[in-house]
Amino acid sequence: MEERQQYTEEEIRERLNQCGLKATPQRVRVYEAMCELGHASADAVFHQLGDGQGKMTLATVYNVLESLTDAGLLIRRPSFSSKMFFDVHPDAHCHIYQQDTLSMTDFRDEVLQRSVEERIRAQLPPGLQLDRVEIQILCHAHES
Ligand SMILES: [Zn+2]
């Protein structure tokens with residue numbers, strides 16, 4: 001269900017440039033890690049990057065994630081464990097949040113997403129405008 005995006009380093013540089021960001025080595029590495037992970041907290045990206053050359057601090061990873069988010073390449077997805085996740089797909093879609101593994105995956109159902117948005121938009125109190133609807137389905141693994 002999860003669609004991983006595979007970009008070459010050159011494509012990543014281009015995407016960063018298209019969003020008005022200079023393709024610094026740190027931004028390239030963090031965005032590359034996010035493309036591999038799909039949804040990840042700053043901690044998870046930090047661990048994914050490991051101890052290799054040009055090791056970044058957790059604070060730097062977080063700052064780079066924020067700049068990628070401000071540029072529209074990522075979107076924040078708060079989770080029920082109160083851990084902040086970042087998502088490489090900024091479009092509106094549903095998520096499964098697995099509470100035993102604290103992991104987030106896409107649950108693509110455009111009809112569900114759109115119908116919930118439409119119902120909410122039709123019933124919003126006057127003076128309010130809908131920003132977005134986050135549908136998060138809470139699950140855990142079960143023994144069959
Ligand atoms: Zn997603």
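Modeller: Strand β4, residues 94-98, pairs with β5 in the antiparallel sense over five bridges. Strands here are DSSP runs of E, at least two residues long, and helices are runs of H or I of at least four, numbered from the N terminus. Two strands pair if DSSP finds at least two bridges between them. One more thing before we go on: this is a predicted model, where local features need pLDDT of at least 70 and side-chain atom pairs count only at pLDDT 80 or more, while totals for chains, interfaces and linings use all residues. Residues are numbered from 1 along each chain as its sequence is written.

Biologist: Which residue in β5 is the bridge partner of Q98?

Modeller: That is S103.

Biologist: What is the strand order in that open sheet?

Modeller: The order is β5-β4-β6, three strands with mixed pairing. β5 (103-107) and β6 (136-139) are at the edges with a single partner strand each, so one side of each has no neighbour in the sheet. On average, neighbouring strands are turned by 25° against each other, direction ignored; the axes are lines fitted to C-alpha atoms, for helices over the stretch in contact, and angles run from 0 to 180 degrees between N-to-C directions.

Biologist: Which residues of α2 are buried?

Modeller: R27, R29, V30, Y31, A33, M34 and L37. Buried means 20 or more other C-beta atoms lie within 10 Å of the residue's own, exposed means 12 or fewer, and partly exposed is in between, with C-beta atoms placed from the backbone.

Biologist: And the other sheet, what order is that?

Modeller: β1-β3-β2, an open sheet of three strands with antiparallel pairing. β2 and β3 pair over four bridges, and R77 has F85 in β3 as its bridge partner.

Biologist: Last topic: where are the domains?

Modeller: Domain 1 covers 9-87 and domain 2 covers 94-139, with bounds from an automatic or database domain assignment. Their C-alpha centres lie 24 Å apart.
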